[in-house]
Every structure is written in structure tokens, then in C-alpha cells.
Amino acid sequence: MREHTGSNWHAYVTHAFVQQLAKGTLPITAFKHYLVQDYLFLTHFARAYALLVSKLRSVRHMRFATAALNATLDELPLHIHYCAQWGIDEKQLQTATEAFETIAYTRYVLDIGHAGDSLDLLSALLPCVAGYAEIGLTLLQRPDVQLERHPYAAWIHNYGDAAYLDGVKSALALMDELWRERGTESRFEEVSAIFTTATQLETRFWQMGLNAASEASV
């Protein structure tokens with residue numbers, strides 16, 4: 001599915017937001033706007049994992065989805081703590097207005113989940129799960145990314161962290177199992193289209209942050 005996105009995957013994982021973040025030149029306004037919207041995104045992501053639990057049939061698969069749900073919920077207080085370091089308090093997060101990009105992305109994932117089966121929903125969730133891992137690992141391995149005194153070092157480390165990567169491996173393993181159970185050649189085009197749309201929405205989520213910085217400067 002990653003290859004089936006064509007240039008869309010590359011546009012997502014190498015977006016200007018990511019490149020500026022890697023260099024430490026990303027405007028703080030862009031990053032803070034992204035952090036707030038990412039908190040709102042995570043709340044809906046948790047809802048999507050809860051929906052995934054209800055879509056699964058085997059207890060073993062349900063346990064995975066429940067673990068992913070709990071990991072997302074556990075990430076919320078960590079996100080709040082991290083935002084506080086950037087001068088964003090919990091009240092600001094909870095009362096923030098969702099950006100249109102956040103609404104479009106999260107509601108798309110939830111709509112896919114309600115209308116389709118577990119294979120459809122996991123296809124919509126995976127660009128975020130796997131894409132962030134690819135970005136985190138790539139940035140950690142780039143010789144030009146010097147993390148000492150880097151303003152965004154904690155963010156980069158988080159998505160290359162072993163615990164996060166273990167969760168990604170579990171998600172990919174679940175996808176493999178669901179595909180063996182329900183996948184057919186005809187369905188590949190369908191789930192790939194879902195994966196590609198979610199990838200495009202990820203790209204727009206990055207752009208949202210850059211747009212916020214541009215608007216603030218104006």
C-alpha cells in the first residue's frame with residue numbers, strides 16, 4: 001500500500017514541515033499549532049481504536065487493539081506535559097478549536113471505520129502509525145540532524161523510540177493477519193485507496209502547521 005500511494009507517501013514523510021523540524025528551523029508558531037491540533041487528533045485516534053476493537057472477531061486481535069487504545073490514551077497526559085514545556089496549558093488544549101485539516105482527517109478515519117470493516121479501518125490508521133516511525137527513524141539516522149541542543153529533539157526521539165516501534169510492528173503484524181483472513185486481489189485497490197487518502201490527509205496536517213506560522217507572521 002505504501003508503494004501504491006505513488007508520490008504521496010514521499011510527499012508526506014519528506015514534507016517541508018518535517019525537513020524544517022529536522023534542521024531545527026521550524027517556526028515555533030508552526031510547531032505549537034501542530035502540537036495543539038495533534039492533541040485533538042489523538043483524542044479521535046483513541047475513538048478510532050475503540051471502534052477497531054468492536055470490529056475485530058478474535059480475542060487476540062481485540063487485545064492488540066485494546067493495547068493500542070490504551071497506549072493512545074496514556075499518551076494524552078504525556079502530550080499535555082510536553083505541551084506545557086512549550087507554554088501550552090491543559091485548558092488551552094481542551095478548549096482549542098479544531099482546524100479544518102484536523103476535522104477532515106479524523107472524521108475520514110472514523111467514517112471509514114463505521115462504514116467498513118476492520119481491514120478498512122486499520123488501512124486508514126496505518127499511515128499515521130507507520131509514517132511517524134519512518135520519519136522518526138530517518139531523522140535519527142541522518143548525520144546532518146544534530147540532536148544536542150536541538151529544539152525538537154524530544155519529538156524526534158519519541159518516534160524512533162523502541163516502545164513506539166514495538167507498537168508499529170504489532171500494527172503491521174495485525175494488518176498481515178487481517179489481510180490473510182479477509183484480503184483478496186479485488187480488495188487491494190479499495191484498501192490502498194483508503195491508505196492513500198489518509199496519507200494525503202497527513203500531508204495536509206503538516207501543511208496546516210506551516211500555514212499557521214505564515215498567517216501569524218502576516
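**Exercise 1. Which residues of α6 are buried?**

Some ground rules before the solution. This is a predicted model, where local features need pLDDT of at least 70, side-chain atom pairs count only at pLDDT 80 or more, and totals for chains, interfaces and linings use all residues. Residues are numbered from 1 along each chain as its sequence is written, and side-chain values use heavy atoms, leaving out hydrogens and water.

Step 1: take buried as under 20% relative accessible area (1.4 Å probe, protein chains only). Helices here are DSSP runs of H or I, at least four residues, numbered from the N terminus.
Step 2: go along α6 and you pick up T102, Y105, T106, Y108, V109, L110, I112 and G113.

**Exercise 2. Find what lines the largest cavity.**

Step 1: a cavity is a set of points on a 1 Å grid over the protein atoms alone where a 1.4 Å probe fits but cannot get out; lining residues have an atom within 4 Å of a point.
Step 2: list the lining: F41, H44, F45, A48, T106, V109 and L110.
Step 3: sort these residues and you get 5 nonpolar, 2 polar and no charged. Ala, Val, Leu and Phe are among the nonpolar types, while Asp, Glu, Lys and Arg count as charged and the others, Gly among them, as polar.
Step 4: assign helices. α3 (28-55) and α6 (100-115) each give at least two residues, with the largest share, 4 residues, coming from α3.

Key
On a 1 Å grid over the protein atoms alone, a cavity is a set of points where a 1.4 Å probe fits but cannot get out, and a pocket is an open set with protein on both sides within 12 Å along at least five of seven lines; lining residues have an atom within 4 Å of a point. Buried means under 20% relative accessible area, exposed over 50%, partly exposed in between (1.4 Å probe, protein chains only).
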